Amino acid sequence: VKGCFFCGQEPFVADEYIERLAWRTPGGGSRGGEAFDPKRLLEEFVNHIQELQVMDERIQRKVEKLEQQCQKEAKEFAKKVQELQKSNQVAFQHFQELDEHISYVATKVCHLGDQLEGVNTPRQRAVEAQKLMKYFNEFLDGELKSDVFTNSEKIKEAADIIQKLHLIAQELPFDSLMGFCCYPLSSLGKYHDLECQLIQEFTSAQRRGEISRMREVAAVLLHFKGYSHCVDVYIKQCQEGAFLRNDVFEDAAILCQRVNKQVGEIFSNPETVLAKLIQNIFEVKLQSYVKDQLEEHRKSDAEQYLKNLYDLYTRTTNLSSKLMEFNLGTDKQTFLSKLIKAIFISYLENYIEVEIGYLKSRSAMILQRYYDSKNHQKRSIGTGGIQDLKERLRQRTNLPLGPSIDTHGETFLSQDVVVNLLQETKQAFERCHRLSDPSDLPKNAFRIFSMLVEFLCTEHIDYALETGLAGIPSSDSKNANLYFLDVVHQANTIFHLFDKQFNDHLMPLISSSPKLSECLQKKKDIIEQMEVKLDMGIDTLNCMIGQMKHILAAEQKKTDFKPEDENNVLIQYTNACVKVCGYVRKQVEKIRNSMDGKNVDTVLMELGVRFHRLIYEHLQQYSYSCMGGMLAICDVAEYRKCAKDFKIALVLQLFDTLHALCNLLVVAPDNLKQVCSGEQLANLDKNILHSFVQLRVDYRSARLARHFS
């Protein structure tokens with residue numbers, strides 16, 4: 001049971017209430033040492049329960065009384081609400097009647113106003129006509145006495161009168177009486193005098209910076225023929241002192257921004273005035289500036305001419321973008337494009353011809369300057385197609401330029417030349433993108449790309465490859481320098497730069513045009529042609545094998561594998577093996593640095609197979625004692641370590657097999673058959689196994705021959 005909400009008492013808890021009651025009752029607990037008296041406690045509980053029942057009845061009667069009172073007040077309130085609703089309905093009806101009455105009165109007032117206006121308008125017109133006739137009589141008399149004509153402060157009213165009289169004179173036939181009378185008006189030139197006076201007043205106000213006066217005069221001149229002259233004067237004075245710096249484009253942007261803030265406060269048609277100002281800037285200031293900058297170098301310096309053209313066109317279009325923020329009418333994009341076209345059309349018509357001519361002469365000069373610095377007279381190279389190159393590859397014609405030539409270690413490839421050519425082409429692509437008409441852009445970009453292919457790929461890279469091929473020494477040359485791999489390395493690096501420019505600068509210009517497939521095919525032909533020539537350079541491997549043969553022939557001795565003292569062999573492997581392995585490791589590293597991708601694995605596989613064949617044939621030339629056979633195994637083990645650098649599974653497998661064959665040189669005769677049937681030798685031809693066994697010095701012993709048969 002909860003406590004009373006209204007009186008704020010604590011919630012009622014029966015257990016606590018009984019505890020307190022028992023505690024207050026004498027004998028109800030152990031308080032003060034008194035003995036517990038259950039009868040007395042029961043009596044107290046019964047009395048208290050009776051009191052609570054009486055209290056409950058009293059409270060219940062009070063609640064019933066309050067409920068009856070509440071119901072009575074609710075009925076009274078409902079009755080009052082009904083009365084108020086009836087009163088509200090009556091008031092609403094009165095309001096509707098009042099609204100109808102007001103509408104009726106308003107209609108009458110409007111009708112009366114229309115009648116008054118119908119009477120007053122002709123009267124006002126008559127008054128104005130009377131005034132005009134009065135002023136007209138003054139013009140006929142030749143004496144202007146009215147204050148409106150003599151007071152300079154009333155020039156606005158005078159202008160209005162003169163304008164109206166001038167319009168009347170223009171509408172009437174000249175040979176009519178009225179027209180004849182109006183003739184002195186025009187002869188006096190009051191209209192033009194006043195017009196000039198207004199323009200002069202506008203000019204003076206502009207110089208003083210009085211915007212409000214300029215606005216008043218411009219509003220008066222709006223109905224005069226000389227309004228356009230007022231605009232011209234405003235435009236002319238706006239530009240006075242505005243172009244004092246060297247940057248005419250920045251000055252123009254600042255001027256237009258300043259005028260844009262001001263023109264709306266002066267003229268009723270600000271967008272027209274601002275557009276006329278911009279047109280004047282483009283047709284006078286910018287066109288004159290552009291002409292001075294370009295005509296100076298047009299015929300004498302193509303490089304400077306193209307740079308200036310690109311810079312001026314870019315700055316003009318940037319200015320146009322800034323002006324797009326202003327209100328210039330409905331089609332401001334077309335308006336500004338026409339202004340730009342009018343300035344540059346004579347220069348853009350033949351732009352690509354100038355670009356190609358400059359790029360061709362500049363690229364030729366860069367290459368020639370490089371070859372001159374090397375004291376090299378460039379040789380003519382074959383111009384056959386892909387099929388001719390493939391035929392030469394099939395025939396292994398490793399000297400395509402005739403007899404072998406000595407390049408003295410020169411690759412005839414230059415990073416500086418490449419960077420210069422790519423930089424020139426990059427700038428050409430940027431100019432082409434900016435200056436070419438959108439319909440001509442893919443075609444022009446393709447022409448620039450063709451120039452890059454001609455001078456970078458054909459005249460430089462291809463020439464270096466041809467020269468490198470011609471410089472490959474024959475396989476029996478001693479101390480041959482294999483510079484062709486250096487050529488391959490540099491050509492590979494250069495072509496990556498070429499490919500990057502193709503993707504970064506050419507592709508965006510042609511990506512959505514038919515020229516894309518044409519460029520991709522041209523690039524594919526270049527790659528294929530270079531790869532064919534790189535394949536022709538496989539003869540470099542013959543030179544490597546030749547060098548290894550020379551090392552083996554010079555360093556390997558017969559006594560290496562058949563020492564005089566079998567018990568006094570102190571070396572782990574022969575000197576020939578050490579030098580060959582050192583040479584091979586250098587060549588492998590050189591090949592990895594010179595090539596990339598699958599080309600590396602292809603060339604290393606070919607070299608590894610030839611290297612294995614050389615060692616195999618070399619080992620067949622000697623006879624082996626027991627200790628010599630052990631030394632041969634050590635050599636082959638070292639060759640196998642060297643073969644691991646190739647990272648080609650086939651090459652490593654070949655040397656593993658060769659190492660197993662060398663075991664036949666030292667194995668005991670009784671174990672020959674077991675070794676030959678091992679995992680690595682079981683699939684080999686028996687003649688190969690026999691050939692290795694024959695190399696043993698003890699082969700002719702009956703025991704060995706019997707065990708191997």
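1. Helix axes are taken here as lines fitted to C-alpha atoms, over the stretch in contact, with angles running from 0 to 180 degrees between N-to-C directions. The helices themselves are DSSP runs (H or I, at least four residues), numbered from the N terminus. The model is a predicted one, in which local features need pLDDT of at least 70 and side-chain atom pairs count only at pLDDT 80 or more, while totals for chains, interfaces and linings use all residues. Residues are numbered from 1 along each chain as its sequence is written, and side-chain values use heavy atoms, with hydrogens and water left out.

2. The axes of helix α21 (residues 598-619) and helix α23 (residues 649-662) cross at roughly 15° and come within 9 Å. That angle makes α21 roughly parallel to α23, a description used for angles under 35 degrees. The crossing of α21 past α23 is left-handed, meaning that the near helix is turned anticlockwise from the far one by less than a right angle.

3. Which residues in α21 meet α23? From α21 they are Leu-604, Met-605, Gly-608, Val-609, Phe-611, His-612, Ile-615, Tyr-616 and Leu-619, and these meet Leu-650, Val-651, Leu-654, Phe-655, Leu-658, Leu-661 and Cys-662 in α23, where contact means heavy atoms within 4.5 Å. The residues of this contact between α21 and α23 divide into 14 nonpolar, two polar and no charged; Ala, Val, Leu, Ile, Met, Phe, Trp, Tyr, Cys and Pro count as nonpolar, Asp, Glu, Lys and Arg as charged, and the others, Gly among them, as polar.

4. With a salt bridge defined as a side-chain nitrogen of Lys or Arg within 4 Å of a carboxyl oxygen of Asp or Glu, a search of the whole structure finds 20 salt bridges. One of these is between the side chains of Glu-303 and Lys-307, at 3.3 Å from N to O. Both Glu-303 and Lys-307 lie in helix α11 (residues 302-323), four residues apart, about one turn of the helix. Glu-303 counts as partly exposed because its relative accessibility is 26%, and Lys-307 is likewise partly exposed, at 38%; buried means under 20% relative accessible area, exposed over 50%, and partly exposed in between (1.4 Å probe, protein chains only).

5. A salt bridge also joins Glu-355 and Arg-431, whose closest N and O atoms are 2.8 Å apart. This pair links distant parts of the chain, with Glu-355 in helix α13 (residues 351-373) and Arg-431 in helix α15 (residues 415-435), 76 residues apart. Glu-355 is buried, with a relative accessible area of 0%, and Arg-431 counts as buried at 4% relative accessibility.

6. Lys-523 and Asp-499 form a further salt bridge, in which the closest N and O atoms are 2.2 Å apart. Here too the pair links distant parts of the chain, since Lys-523 belongs to helix α18 (residues 515-536) and Asp-499 to helix α17 (residues 484-510), 24 residues apart. Lys-523 is buried, with a relative accessible area of 12%, whereas Asp-499 is partly exposed, with 22%. Elsewhere, salt bridges that share partners join Asp-247, Asp-311 and Arg-315 into one network.

7. Lys-522 lies in helix α18 and is partly exposed, with a relative accessible area of 29%. Not counting residues up to four places away in sequence, Lys-522 touches Phe-446, Phe-449, Ser-450 and Val-453. Lys-522 and Phe-449 are 73 residues apart in sequence and 9.6 Å apart in space, C-alpha to C-alpha.

8. Ser-691, in helix α25 (residues 686-693), counts as buried at 17% relative accessibility. Leaving aside its neighbours within four places in sequence, Ser-691 is in contact with Tyr-616 and Gln-620; Tyr-616 is also one of the α21 residues that meet α23.

9. On backbone angles: most residues other than glycine have a negative phi. Asn-375, in the loop between α13 and α14 (386-394), has a positive phi, near 55°, and is exposed, with a relative accessible area of 74%. Lys-647, in the loop between α22 (626-644) and α23, also has a positive phi, near 55°, and counts as exposed at 67% relative accessibility.

Definitions and conventions. Helices (H or I, at least four residues) and strands (E, at least two) are DSSP runs, numbered from the N terminus. Angles under 35 degrees count as roughly parallel, over 145 as roughly antiparallel, 65 to 115 as roughly perpendicular and the rest as oblique.
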